[in-house]
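User: I am new to this protein and would like to learn how to read its features one by one. Please give the general idea where there is one, then the case at hand.

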Amino acid sequence: MPEIATETTAPVGQEQAEEPRRRRRRRRGDPGTSDERSGVWYPRWYWPSFIAPGTIALIFLFVLPFYVVFSVAFGTVDFNNFGTAVPYYAPWWWSFHTFNGTLQQFYAGSHIYQDPLFRTFEYVIAASIICLVVGYAVAYYTARFATKYKGLILILLVSPFWISYLMRIYAWQGLLDTDGPINVILGPFGFRNTNFLEGKPITIILGLVYGYIPFMILPIYASLDRIQESLLEAGRDLGGSGAQTFWRVTLPLSRPAILAGIVIVTLPMFGDYYTNDLLGSTKTSMFGNLISQQTEATAGSTRAASLVLILSVIVLIPMMYYLRETKRQVEQA
């Protein structure tokens, strides 16, 4: 006998108790919101108020300082006071003379800023690829095969954050010195007494990898660890090999974490300057070094602020791509 679908309705007593509250809200002109499970009514401002502290902190710690950077970049310089920057906080007084001059240094005249910009892209792309390959392998092993050693591996991954990044790079100076352990290990291969600190691109790339690879491993591990084993078993039950299951199931499911890791890694790499200061030379200077040099130069504050705005536009591109891809995947889900 076929089953007859019935529509479940709320108890009559509950509806009668809810009706007076609805009438009161209509009289006040405030529809509000209600929790269906508890029947508690909340005003419209209740849930949005939870983001108020974060919004206030964002305004004071990011929006206002960034507006000051705009004011300095489009301001002027007081040469009678040691070249001190004079910001113009009113937008109608902004002058684009310094910003345009800074921008022209990338493509016109001697284009002295062009080489550091290209080097920055080369180093960041190479370091990001290495971080992705090595980081995914480490995260995959930790999530799938580490078993009882998983906690130990995670502690080892997080432990570098307990030490200042500056101190860790200082330690690499000793390792890469001509008399350091790296030269001793690589001596039989023809690298004895090699000065890795004289401005070698491979040194900068590996320094970036060393500093930022934990930011790649952790989000990928968190994503792989949440993939249900039943999905992998279903792929194998359908005749897929281990490699096919990885390419068709594991990798697509971990794609959002890969994008997140790439964004988290690349954004600080673009502005990094102390890795090159400690492990490189002027031959390997990056975009961040340009900003650092201008902040130390006389009357260089406006030019440094202009470089910060240009860098912000550059790093905005991968961020917008990540947000678009995340939104698309949420809509598909």
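User: Among contacts between residues at least 6 apart in sequence, what percentage join residues at least 24 apart?

Analyst: The share is 62%. Keep in mind that this is a predicted model. The secondary structure comes to 14 helices and four strands.

User: How many residues does the protein have, and what percentage of them is buried?

Analyst: There are 333 residues, and 34% of them are buried. The protein exposes about 20900 Å², and carbon and sulfur atoms supply 65% of that area.

User: How do I read a nonpolar core, and which residues touch the most other members of the largest one here?

Analyst: The general idea first. In soluble globular proteins, nonpolar side chains tend to be buried together. Here the largest nonpolar core has 57 residues, and Leu208, Ile220, Met269 and Phe287 touch the most other members. Helix α8, residues 201-226, gives the largest share of this core, eleven residues.

User: Which residues is Ile220 in contact with, leaving aside neighbours within four places in sequence?

Analyst: Ile220 is in contact with Leu132, Tyr136, Ala139, Ala257 and Ile258.

User: How do I read a pair of aromatic rings?

Analyst: Two values describe such a pair: the distance of the centres and the angle of the planes. This structure holds 26 aromatic pairs. In one of them, Tyr165 and Tyr274 have ring centres 5.3 Å apart and planes at 65°, so the pair is edge-to-face. The cut-off behind that reading is an angle over 60 degrees.

User: Where in the chain do Tyr165 and Tyr274 lie?

Analyst: Tyr165 is in helix α6 (residues 165-176) and Tyr274 in helix α12 (residues 274-279). The two are 109 residues apart, and their pair links distant parts of the chain.

User: Is Tyr274 buried, partly exposed or exposed?

Analyst: Tyr274 is partly exposed, because its relative accessible area is 27%, between the limits of 20% and 50%.

User: What kind of aromatic pair do Phe246 and Trp247 form?

Analyst: Phe246 and Trp247 form an edge-to-face pair, with 5.6 Å from centre to centre and 80° between the planes. Trp247 is exposed, with a relative accessible area of 58%.

User: Which residues form an aromatic cluster?

Analyst: One cluster consists of Phe62, Phe66, Tyr67, Phe70, Phe74, Trp94, Phe96 and Phe99.

User: Phe99 is in that cluster. Which residues of helix α3 are buried?

Analyst: In helix α3, residues 97-104, the buried residues are Thr98, Phe99 and Thr102. They cover an arc of only 100° around the axis, so they sit on the same side of α3. What covers them includes α2 (52-73) and α14 (301-332).

User: What does the side chain of Thr266 reach?

Analyst: It reaches the backbone oxygen of Val263 at 3.5 Å. Thr266 lies in helix α11, residues 255-271, and counts as buried at 8% relative accessibility. Beyond residues up to four places away in sequence, Thr266 touches Val124 and Ser128.

User: Which residues is Gln294 in contact with, leaving aside its neighbours within four places in sequence?

Analyst: Gln294 is in contact with Tyr113, Gly300, Ser301, Arg303, Ala304 and Leu307. Gln294 is found in helix α13 (residues 287-296) and counts as buried at 16% relative accessibility.

User: Last, how do I read a backbone phi angle?

Analyst: Most residues other than glycine have a negative phi. Thr147 is not a glycine, yet its phi is positive, about 50°. Thr147 lies in the loop between α4 (114-144) and α5 (150-158). At 60% relative accessibility, Thr147 counts as exposed.

Note on methods: Residues are numbered from 1 along each chain as its sequence is written. This is a predicted model: local features need pLDDT of at least 70, side-chain atom pairs count only at pLDDT 80 or more; totals for chains, interfaces and linings use all residues. Side-chain values use heavy atoms; hydrogens and water are left out. A nonpolar core is a set of buried Ala, Val, Leu, Ile, Met, Phe, Trp, Tyr and Cys residues joined through side-chain atoms within 4.5 Å. Buried means under 20% relative accessible area, exposed over 50%, partly exposed in between (1.4 Å probe, protein chains only). Contact means heavy atoms within 4.5 Å. A polar contact is a pair of N or O atoms within 3.5 Å; within protein, one must be able to donate a hydrogen and the other to accept it, and residues adjacent in sequence count only if both atoms are side-chain atoms. Rings of Phe, Tyr and Trp (its six-membered ring) pair if their centres lie within 6.5 Å; planes under 30 degrees apart count as stacked, over 60 as edge-to-face and the rest as tilted. Accessible areas come from the Shrake-Rupley method with a 1.4 Å probe; for residues, only the protein chains shown count as cover. The arc is that of the directions from the helix axis to the C-beta atoms.
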